[in-house]
Amino acid sequence: MLTVARRVVWQHENVRNGRWRGNGPAPKMFELANKTLGIVGLGNIGKKTARLAKAFGMNVTYYDIRRLSEDEEDQLGVRFRVLREVLRDSDFISLHVPLDDTTRHMIGKAELEEMQPHAILVNTARGPVIDEAALVDHCRYNADFRAGLDVFEHEPTGVCPLFDIDRVICTPHLGASTLEAQTNVAVQVAEQIID
């Protein structure tokens, strides 16, 4: 989220290509504090995302097919909203749902139009959760809308029109592939085999 909000890749490319803008007008960039993060899918990863967002001073709402109890919401510091409200009221939307018949293209043209013009959509769940053609159109006609994608409808992607939009940051489905994460997976697998 922060990488997209602060346009880090764009800034890097400018400096790398000799376009120094340190004293010029700044592009639209945002801090996370006091912004609203809408989480769609509040499973284990969604909950971890909520905790991180709270540490950055964000307000967190969520939509999930299973609503937490009021005590669980208070403990996590989140508030339930229906999907349409999460999309409409959030500065950032982070997707954390599994891919099934109910979530395929759950973010399409109508849902994108519900989002604020300056919203940032982050998908680290599964690519087909977003209708990519609708996202391409939405980004082309909404100059302040941004996205960060680690997953795509077709992987590997090959030619993808999202690559031509400088407000969309794309990574190759490696969001969870840190050295520490891979070590933890190996430890968990070993522990499960032992059990």
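Modeller: Happy to, and please keep in mind that this is a predicted model.

Biologist: Take Val-189, then. Where is Val-189 placed, and why is Val-189 called partly exposed?

Modeller: Val-189 sits in helix 8, which covers residues 179-194. Its relative accessible area is 43%. Partly exposed is the band between under 20% (buried) and over 50% (exposed), so Val-189 with 43% is partly exposed.

Biologist: And His-138, what makes it buried?

Modeller: The relative accessible area of His-138 is 10%. Buried means under 20%, so His-138 qualifies as buried. You will find His-138 in helix 7, residues 132-141. Leaving aside residues up to four places away in sequence, His-138 touches Leu-112, Glu-113 and Phe-145.

Biologist: Now the aromatic rings. How many aromatic pairs does a search of the whole structure find?

Modeller: The search finds 3 aromatic pairs. One of them is Tyr-63 with Phe-80, whose ring centres are 6.2 Å apart, with the planes at 40 degrees.

Biologist: Why is that pair called tilted?

Modeller: Centres must lie within 6.5 Å for rings to pair, and those of Tyr-63 and Phe-80 are 6.2 Å apart. Planes under 30 degrees apart would be stacked and over 60 edge-to-face, so the 40 degrees of Tyr-63 and Phe-80 makes the pair tilted.

Biologist: Which parts does the pair tie together?

Modeller: Tyr-63 belongs to strand 2 (residues 59-63) and Phe-80 to strand 3 (residues 78-80), so the pair ties together parts that are 17 residues apart in sequence. Tyr-62, Tyr-63 and Phe-80 also form one aromatic cluster.

Biologist: Are Tyr-63 and Phe-80 buried or partly exposed?

Modeller: With buried meaning under 20%, Phe-80 at 18% counts as buried. Tyr-63 has 24%, so Tyr-63 is partly exposed.

Biologist: What about Phe-152 and Phe-163: how do you know which kind of pair they form?

Modeller: Their ring centres are 6.3 Å apart and their planes stand at 80 degrees. Edge-to-face applies over 60 degrees, so Phe-152 and Phe-163 are an edge-to-face pair. Both lie in the loop between strand 6 (146-149) and strand 7 (168-170), 11 residues apart.

Biologist: And how accessible are Phe-152 and Phe-163?

Modeller: Phe-152 has 6% relative accessibility, so Phe-152 counts as buried. Phe-163, at 41%, counts as partly exposed.

Notes:
Residues numbered from 1 in each chain as written. Predicted model: local features only at pLDDT ≥ 70, side-chain atom pairs only at ≥ 80, totals over all residues. Heavy atoms only, no water. Helix = DSSP H or I, 4+ residues; strand = E, 2+ residues; numbered from the N terminus. Buried < 20%, exposed > 50% of the residue type's maximum accessible area, 1.4 Å probe, protein only. Contact = heavy atoms within 4.5 Å. Phe/Tyr/Trp six-rings, centres within 6.5 Å; stacked < 30°, edge-to-face > 60°.
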